[in-house]
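Biologist: Could you walk me through this one, a question at a time? I'd like to see how you get to each answer.

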Amino acid sequence: MKYIGISAGFHDAAVSVVGNNSVLFAAHSERYSNIKQDPMISAAILKEALDYVGDDDFEVHYYERPWLKFLRQLYAGEKPKLASLSPKYYLSEGAQSLLKGKKFHTHSHHLSHAASGFQTSKFKEATVVIIDAIGEFDTVTIWEARYDNNNIARYKKLYSKKYPNSIGLYYSAVTQRVGLKPNEEEYITMGMSAYGDNKFYTEMLLNTVADINELQFKDNYHIGFPENFMTSASNEQIAHSGQAILEKLVNTVMLRARRLCKSHNLVFGGGVALNCLANRLLGKYFDNIWIMPNPGDAGSSLGAALLEYKEKVEFSSAFLGTKIDGEYPVQGLIDVLLSDKIVGVASGKAEFGPRALGNRSLLADPRGKDIKNKVNEIKRRQKFRPFAPVILEEHVHNYFMMPLNWHNSRYMQVVAKCKNPERFPAIAHHDGTSRVQTVPKDGSGIRLLLEEWYKQTGCPMLLNTSLNIRGAPMVNNRDDADRFELTYNVKVLS
Ligand SMILES: [Fe+2]
C-alpha cells in the first residue's frame, strides 16, 4: 500500500508519496506549473507522484479539514465558496481525473504539521510545537508525541491557541507594513531586521500585544496593521522590533512546551519554524532539535500521508522531487568556479522545501568583496540581502559559532555568528551572522563537490543560493535550467 498526501489551496501546494518505510516522492506544485506560489495541484505533478505508486493500491490523504477551514473563513468574515468544502476543489481537472473514484481522507491541519515533523525525526518521543499563521482555527499547538509498543505514532494535544491570535499572522502584518508581500516575503523581513534598531520596540509591543504569556494580541492582524501604523518608525525599525517581538512570543511558547511536556527532544513545525533567527534560541529549552526541511504547509502533504502510514519513516535527505539524470558534475563545476567564480547546478532530485541545498543551486566562491554584488546582480534582488554558505560539516566550528544545541544545520534552518565576516563578506550578513548549511559525509553531490573544492583551494565552503529566475519558482528540470542559462548568461551544469 502507498499513501499520497496532498496540501493545496494556499500559497504553495504540494504532493508527497509514502511507502516502504520511506518518503518516495515529495514536491511543490509551482515547480511543475511554473506559477510562483501555485495553490493548485496540476496533472503534471500528480502523474509523477503516481509513477512512484506504480501498480500498488494507494490511498489519498489531505492535510486539513476543509469544513473546519470553511467555518473559520465564515467566522473571519470571508466568503468561502461552497465548492471548497471538497478537497478536490484545488485539483485541476486533469489531476481530478487521475484520482477519479478515490476517496480523500482529511486530517487536522496542525496534526499534519506534527506528523511531518515527528515521523521524519530520529526521536522515539518528543515535544512537538507547531506555530503557523492560520489553518483551520489552531495557530499554536503543543503535542506530546511517542511511538507505542507496535511502533505506531501517538499524539496527545496539550495546548492550543486559536485564531485570530496568531504569531504567524502577526509577522505577516509586519511584512506588509515594511512594504513586502505577506505570506511570501517574511524571509526578507527577517533579513531587513538586522538594519533596524530597538528604538520603537516597547511602543510596538504595547501597541500590538495584549498579554504576551497568553499570546493575546490587541487586534486581529489577519488583514495587516491598521492604516498609519507607527508611521514615525522606518521599515527597518519595524522589521527589527517585529522580529524581536516574534522571538519573545516563540520563547514564551517554548517555555510553556517545556513545562507541559517531559521530553527534551523538540520537533518544531509550522511556517514560523522557517524563521532561522528565532530558531537560534531553541537550544535554550531543548537538548535536541528537529525541524523538517519543509515545515510549512507544503510539508504537511507529507504529514497527511504519514498520519495514515502511522510509523516512522527513514528520512535522510530533502532531495525528493523531480530527478535530472546523470552524475553530479563535480569536476565541471570546479572548473567554472575557478575561472568564472559563479556557476549553476541542476542535478539529481530537486529539493523538497524552500531552500536550495545543492541540487538546484547557484554556487559561488565566497571569498572576495565583489562576489555578493555579482550574485545579487544575477538574482536581481535587494542589495542588503546576504547569501548563505554551504560548508563541510566537520569544518563548521572553525568558521561559525553555532547556537546552543545546534550541532549541525543541514537544511539551512538557523543563523550562526561568522568568525571572519571580513574574509567572507558575501555570506555574512550586516549583523555578522550567516544562515549556514552543513553537509555531512553522506556521499551527496554537494558533499563531493565541497570535498574537491576544499582539496583544490583550502576553502571548505561555497556560497549557495537557489537557482531561480526572479519571480519564478526554483528550476525543476533541464528545460528550466536552459531558460536560466539563457536569461542570466550563467552556466548551469547537470
Ligand atoms: Fe499551517
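Biologist: Is M412 buried or exposed?
Modeller: This is a predicted model, so what I tell you is computed from it. M412 is found in the loop between β18 and β19. Its relative accessible area is 2%, and the cut-off for that label is under 20%, so M412 counts as buried.

Biologist: Which atoms coordinate the iron ion?
Modeller: Look for donors sitting at 2.1 to 2.3 Å from the iron ion. Along the chain they follow the spacing H-x3-H-x18-D-x164-D. So, reading that pattern with the cut-off of 2.8 Å for donors, you get H109 (NE2), H113 (NE2), D132 (OD) and D297 (OD).

Biologist: What do we call the geometry of the iron ion's site?
Modeller: Check the angles among the four donor atoms, which run from 84 to 172°. Tetrahedral would need all angles between 85 and 135 degrees. The label for this site is irregular.

Biologist: How many residues apart are H109 and D297?
Modeller: H109 is in helix α5 (residues 109-118), while D297 is in the loop between β12 (288-290) and α10 (300-309). H109 is buried at a relative accessible area of 0%, and D297 counts as buried too, at 14%. The pair links distant parts of the chain, and the separation is 188 residues.

Biologist: Which residues does S301 touch, leaving out those up to four places away in sequence?
Modeller: S301 is found in helix α10. With a relative accessible area of 0%, S301 is buried. Its contacts are G5, I6, S7, A14, V15, S16, Y63 and F352.

Biologist: What separates the C-alpha atoms of A8 and E64?
Modeller: A8 lies in the loop between β1 (2-7) and β2 (14-19), and A8 is buried at 0% relative accessible area. Beyond four places in sequence, A8 is in contact with A13, P39, I41, Y62, Y63 and Y90. E64 is 56 residues from A8 along the chain, yet the C-alpha atoms of the two are separated by 9.3 Å.

Biologist: Which residues of helix α11 (residues 330-340) are buried?
Modeller: Here's a handy hint: an α-helix has 3.6 residues a turn, so residues three or four places apart point the same way. What covers the buried residues of α11 includes β14 (342-346), β16 (360-364), α14 (445-457), β22 (461-466) and β23 (492-493). The residues they cover are V330, L333, I334, V336 and L337.

Biologist: Is L71 buried, partly exposed or exposed?
Modeller: L71 is found in helix α3 (residues 66-75). Together with W67, L74, L82 and L85, L71 makes a nonpolar surface patch of about 510 Å². Its relative accessibility is 41%, and the middle class runs between 20% and 50%, so L71 counts as partly exposed.

Biologist: What kind of peptide bond joins Y163 and P164?
Modeller: P164 is found in the loop between β8 (153-162) and α6 (167-177). Omega for the bond from Y163 to P164 is about 10°, and the bond is cis.

Note on methods: Residues are numbered from 1 along each chain as its sequence is written. This is a predicted model: local features need pLDDT of at least 70, side-chain atom pairs count only at pLDDT 80 or more; totals for chains, interfaces and linings use all residues. Side-chain values use heavy atoms; hydrogens and water are left out. Buried means under 20% relative accessible area, exposed over 50%, partly exposed in between (1.4 Å probe, protein chains only). Helices (H or I, at least four residues) and strands (E, at least two) are DSSP runs, numbered from the N terminus. Contact means heavy atoms within 4.5 Å. Patches are made of residues with over 30% relative accessible area and no salt bridge: like charges are joined within 9 Å, nonpolar side chains (Val, Leu, Ile, Met, Phe, Trp, Tyr) within 5 Å. Accessible areas come from the Shrake-Rupley method with a 1.4 Å probe; for residues, only the protein chains shown count as cover. A salt bridge is a side-chain nitrogen of Lys or Arg within 4 Å of a carboxyl oxygen of Asp or Glu. Donors are N, O and S atoms within 2.8 Å of the metal (3.2 Å for Na, K and Ca); water is not among the atoms, so sites may look incomplete. Four donors count as tetrahedral if all angles lie between 85 and 135 degrees; four count as square planar and six as octahedral if opposite donors are over 155 degrees apart and all others between 65 and 115; anything else is irregular.
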